Amino acid sequence: MEIRCNSRKGGSISRDMFSDNYRKPHFLVAKHKDQIIGSVCITEELFTIDVFGLSWVGVHPSYTNKGIGTSMIRKALATIKSNANRPVTVILATYPEKTRLYEKVGFKRCGKDHDGGSFMTYHIL
């Protein structure tokens, strides 16, 4: 399995994401052979300071329960940490049955959303 970042312009995450163009979404994708089997999107949140979001976290049903989602979230957090060079907060909203996945990597619940899921945060120092 391979996890890597693909920006929309094909540039590197450190040059594109953490520059004047920081509001653009960037995706980490997990591939098995040449098939994309998972993804996570990293964004710097609008109207905030030092807040990043994770969204569109997903793993192909044939590859669930193999640690791929956990690995992708950890890789996304490491990518943010290595490029932000400052303390930041990472936020996300979960489906009700998926909250445990994020708690395993250190996210904390901070409230309920309108669909019964949770808003969660993770602090990178």
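Predicted model: local features only at pLDDT ≥ 70, side-chain atom pairs only at ≥ 80, totals over all residues.
Residues are numbered from 1 along each chain as its sequence is written. Local features need pLDDT of at least 70 and side-chain atom pairs count only at pLDDT 80 or more, while totals for chains, interfaces and linings use all residues, and side-chain values use heavy atoms, with hydrogens and water left out.

## The largest pocket

Let's start with the open space. The largest pocket holds about 740 Å³. A pocket here is an open set of points on a 1 Å grid over the protein atoms alone, where a 1.4 Å probe fits, with protein on both sides within 12 Å along at least five of seven lines. Its volume is the space filled by probe spheres set on those points, which are joined across faces, edges and corners.

The lining comes to 29 residues, each with an atom within 4 Å of a point. Lying nearest the centre are V57, G58, K98, L101 and Y102. Two or more lining residues come from each of strand 4 (51-59), helix 2 (68-84), strand 5 (88-93) and helix 3 (99-104), and strand 4 gives the most, with seven. Helices (H or I, at least four residues) and strands (E, at least two) are DSSP runs, numbered from the N terminus.

By type, the lining has 13 nonpolar, 10 polar and six charged residues. Asp, Glu, Lys and Arg count as charged, Ala, Val, Leu, Ile, Met, Phe, Trp, Tyr, Cys and Pro as nonpolar, and the others, Gly among them, as polar.

T70 sits in helix 2. Contact means heavy atoms within 4.5 Å, and T70 touches L101, K104 and V105, not counting residues up to four places away in sequence.

S39 belongs to strand 3 (residues 35-44). Leaving aside neighbours within four places in sequence, S39 is in contact with L28, V29, W56, V57, G58 and M72. L28 is 11 residues from S39 along the chain, yet their C-alpha atoms are separated by 5.6 Å.

Both side chains also find polar partners. T70 and K104 are joined side chain to side chain by a polar contact of 3.5 Å, and the S39 side chain reaches the backbone oxygen of W56 at 3.3 Å. A polar contact is a pair of N or O atoms within 3.5 Å; within protein, one must be able to donate a hydrogen and the other to accept it, and residues adjacent in sequence count only if both atoms are side-chain atoms.

## Buried or exposed

Buried means under 20% relative accessible area, exposed over 50%, and partly exposed in between (1.4 Å probe, protein chains only).

| Residue | Relative accessibility | Class |
|---|---|---|
| T70 | 9% | buried |
| C41 | 2% | buried |
| C110 | 52% | exposed |

As for disulfides (cysteine sulfur atoms paired within 2.5 Å), the structure holds zero.
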